[in-house]
Amino acid sequence: MIAAAEMYNKDATKEIMPNACSIELGHTASLIFDDKPSMDDAYLRRGKEACHIKFGEDIADLTGIFLINHAYQLNLGNKEVPLENTIKALRMMGKSTGLDGLVGGQEKDLKGTKRNPESLEMFYAQKSGGLYALAASMGGILYNADKKEIKALANYGKNLGVAYQFIDDVLDVIGNQEEIGKSTNMDKKLI
């Protein structure tokens, strides 16, 4: 988000830091939910016990909900950005993390949609691709980028997210969990 915004304003880093942090709060919430027994049942995240392991599922749920709420509050509380731009960015945030994005991709993943190159690309584009697309395009939206520029930023972000998720899935199989800081071999049950 910051790199995209800096194309429009050299002072973007300090002006949109709350917005950038909001993306990470939403991302962290998605990981907390993803690690729970009802999803991936992971026990390690970022080199530490997963939230539900350390604090219990109830606190993990509350933490995820709090992080999502706080992400919206950070955006709305940033007076450095015109409110109309913030509202546009929040609309995109809702879409990118909702049924057309992260939640929809996760639901298909949980329901065991057949794994093939096309379905994997769809999961990757909706989940990680959607989050990266959101970050990149929000950087432009907050500084009045036009529709063509926003679409280009979103496409760049989506492709970066797809590449990231591909590497993440490879590391799930061949990675060392102490080095990558999260549970490995979690995708076996999905194949």
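This is a predicted model: local features need pLDDT of at least 70, side-chain atom pairs count only at pLDDT 80 or more; totals for chains, interfaces and linings use all residues.
Residues are numbered from 1 along each chain as its sequence is written, and side-chain values use heavy atoms, with hydrogens and water left out.

Let's start with helix H3, which covers residues 17-35. Helices here are DSSP runs of H or I with at least four residues, strands are runs of E with at least two, and both are numbered from the N terminus. H3 has 19 residues and reaches 27 Å from its first C-alpha to its last, close to the 27 Å expected at 1.5 Å a residue. That expected span is 1.5 Å times one less than the number of residues. Among the buried residues of H3 are Asn-19, Ile-23, Leu-25, Leu-31 and Ile-32. Buried means under 20% relative accessible area, exposed means over 50%, and partly exposed is in between (1.4 Å probe, protein chains only).

Where does the chain gather its nonpolar residues? In soluble globular proteins, nonpolar side chains tend to be buried together. In this model the largest nonpolar core has 19 residues, and those with the most contacts inside it are Met-1, Ile-16, Ile-23, Met-93, Met-138, Leu-142 and Tyr-143. A nonpolar core is a set of buried Ala, Val, Leu, Ile, Met, Phe, Trp, Tyr and Cys residues joined through side-chain atoms within 4.5 Å. H3, H6 and H9 each give two or more residues to this core, and the largest share, five residues, comes from H9. Apart from it lies another core, of seven residues, among them Ile-32, Ala-60, Leu-67 and Ala-71.

Now zoom in on Tyr-143. Not counting residues up to four places away in sequence, Tyr-143 touches Ala-5, Tyr-8, Asn-9, Ala-12, Glu-15, Ile-16 and Asn-85. Contact here means heavy atoms within 4.5 Å.

Next comes Ser-137, in helix H9. Is Ser-137 buried or exposed? Ser-137 counts as buried because its relative accessibility is 0%. Leaving aside neighbours within four places in sequence, Ser-137 is in contact with Met-92, Ile-150, Leu-153 and Ala-154.

Met-92 and Ala-154 turn up again at the second largest pocket, where they lie nearest the centre along with Lys-95, Ser-96 and Ala-133. The pocket is lined by 13 residues and has a volume of about 310 Å³. Helices H6 (83-97), H9 (128-141) and H10 (147-174) are the elements that give two or more residues to that lining. By class, the lining has four nonpolar, five polar and four charged residues.

H10 also holds Val-162. The C-alpha atoms of Val-162 and Glu-121 are 41 residues apart along the chain but separated by 7.1 Å. Beyond its neighbours within four places in sequence, Val-162 is in contact with Tyr-124, Ala-125 and Gly-129.

Most residues other than glycine have a negative phi. Asp-41, though not a glycine, has a positive phi of about 55 degrees, and Arg-46, also not a glycine, has a positive phi of about 55 degrees. Asp-41 lies in the loop between H3 and strand S1 (44-45), while Arg-46 lies in the loop between S1 and strand S2 (48-49). Asp-41 is partly exposed, with a relative accessible area of 42%, and Arg-46 counts as partly exposed at 46%. The loop between H3 and S1 also holds Lys-36, which is buried, with a relative accessible area of 9%. Leaving aside neighbours within four places in sequence, Lys-36 is in contact with Asp-41, His-52, Glu-57 and Asp-61.

Definitions and conventions: On a 1 Å grid over the protein atoms alone, a cavity is a set of points where a 1.4 Å probe fits but cannot get out, and a pocket is an open set with protein on both sides within 12 Å along at least five of seven lines; lining residues have an atom within 4 Å of a point. Grid points are joined across faces, edges and corners, and a volume is the space filled by probe spheres set on the points. Ala, Val, Leu, Ile, Met, Phe, Trp, Tyr, Cys and Pro count as nonpolar, Asp, Glu, Lys and Arg as charged, and the others, Gly among them, as polar.
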